[in-house]
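Visitor: I have a model open and would like to learn how to read it. Could you walk me through it?

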Amino acid sequence: MLRITGGQRRETGPDGEYVIRSIPGAAATKTYRCPGCAQEIPTGMAHVVAWRPYGDGEDRRHWHSSCWERRSRRSPRAPRH
Ligand SMILES: [Zn+2]
């Protein structure tokens, strides 16, 4: 089984490639605002951080895990209704 230390992985989403890191609840010591639902991520809640694999990392965003998954499931090639 492949296990990456630190829980970091790459994903290609609707608007390009992101690096994702899972933050365990014990490491969530600050409150963040999730860009997916505009709600706060309270301290102690496991969540994910996403940022572009290029650049300086200033575009890091903290997401609820469920919000990130919902976002990344959208296909960029899906037809709009
Ligand atoms: Zn959210």
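**Reading the fold and the metal site**

Guide: Gladly! Among the contacts in the chain with a separation of 6 or more, 43% are between residues 24 or more positions apart. Keep in mind that this is a predicted model.

Visitor: Which pattern does the chain follow along the sequence?

Guide: The pattern reads β-β-β-β-β-β-α, that is, 6 strands and 1 helix.

Visitor: How much of the chain is made up of buried residues?

Guide: Of the 81 residues in the chain, 26% are buried. The accessible surface comes to about 6,000 Å², and carbon and sulfur atoms hold 49% of that surface.

Visitor: Now the metal. Which residues are the protein donors of the zinc ion?

Guide: The donors are C34 (SG), C37 (SG), H64 (ND1) and C67 (SG), at 2.0 to 2.4 Å from the zinc ion. Their spacing in sequence is C-x2-C-x26-H-x2-C.

Visitor: How should I judge the geometry?

Guide: Start from the ideal: four tetrahedral donors have angles of 109.5 degrees at a metal. Here the angles among the 4 donor atoms run from 101 to 120°, and the site of the zinc ion is tetrahedral.

Visitor: Is C67 buried or exposed?

Guide: C67 has a relative accessible area of 6%, so this residue is buried.

Notes. Residues numbered from 1 in each chain as written. Predicted model: local features only at pLDDT ≥ 70, side-chain atom pairs only at ≥ 80, totals over all residues. Heavy atoms only, no water. Donors = N, O, S within 2.8 Å, 3.2 Å for Na, K, Ca; no water. Tetrahedral: all angles 85-135°; square planar, octahedral: opposite > 155°, others 65-115°. Buried < 20%, exposed > 50% of the residue type's maximum accessible area, 1.4 Å probe, protein only. Helix = DSSP H or I, 4+ residues; strand = E, 2+ residues; numbered from the N terminus. Contact = heavy atoms within 4.5 Å. Areas by Shrake-Rupley, 256 points an atom, 1.4 Å probe, with all protein chains shown as cover.
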